[in-house]
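Please look through the sequence and the model shown here, and keep both in view while reading the report that follows.

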Amino acid sequence: MSNEDVAQLDYETAAAELERTVQQLGKEQEDLAESVRSFERGLALARRCARLLDDAERRLKELAPAGQRQPGP
């Protein structure tokens with residue numbers, strides 16, 4: 001999976017892929033290049049998850065003022 005593919009993942013998929021990648025990092029890998037690729041993939045997935053969470057938080061903050069403008073009881 002390339003970084004471009006990671007950039008298209010939704011949060012649930014990215015989080016699941018990140019979990020699988022972290023599990024692989026905990027296992028012994030004889031090939032150093034494979035270990036580095038797994039680490040880099042994990043970083044890309046973690047960044048994607050963080051970006052999606054930041055976007056969701058920003059959208060919630062944008063909606064909050066609109067909700068506060070509604071007349072009270």
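A residue is called buried when its relative accessible area is under 20%, exposed when it is over 50%, and partly exposed in between (1.4 Å probe, protein chains only). This is a predicted model, in which local features need pLDDT of at least 70 and side-chain atom pairs count only at pLDDT 80 or more, while totals for chains, interfaces and linings use all residues. Residues are numbered from 1 along each chain as its sequence is written, and side-chain values use heavy atoms, with hydrogens and water left out.

The protein has an average pLDDT of 83, and 86% of its residues score at least 70, pLDDT being the predictor's confidence in each residue, from 0 to 100. Its secondary structure consists of three helices and zero strands, where helices (H or I, at least four residues) and strands (E, at least two) are DSSP runs numbered from the N terminus. Of the 73 residues, 18% count as buried.

Ala14, if its neighbours within four places in sequence are left aside, is in contact with Leu9, Leu45, Arg48 and Cys49, contact meaning heavy atoms within 4.5 Å.

The structure also holds five salt bridges, each being a side-chain nitrogen of Lys or Arg within 4 Å of a carboxyl oxygen of Asp or Glu.

Arg20 and Glu17 are separated by about one helical turn, because they are three residues apart in helix 2. Glu17 counts as buried because its relative accessibility is 13%, whereas Arg20, at 46%, counts as partly exposed. In helix 3, Arg58 and Asp55 are likewise three residues apart, about one turn of the helix. Lys61 and Glu57 are four residues apart in helix 3 and so are separated by about one helical turn. Salt bridges that share partners join Glu17, Arg20 and Arg41 into one network.
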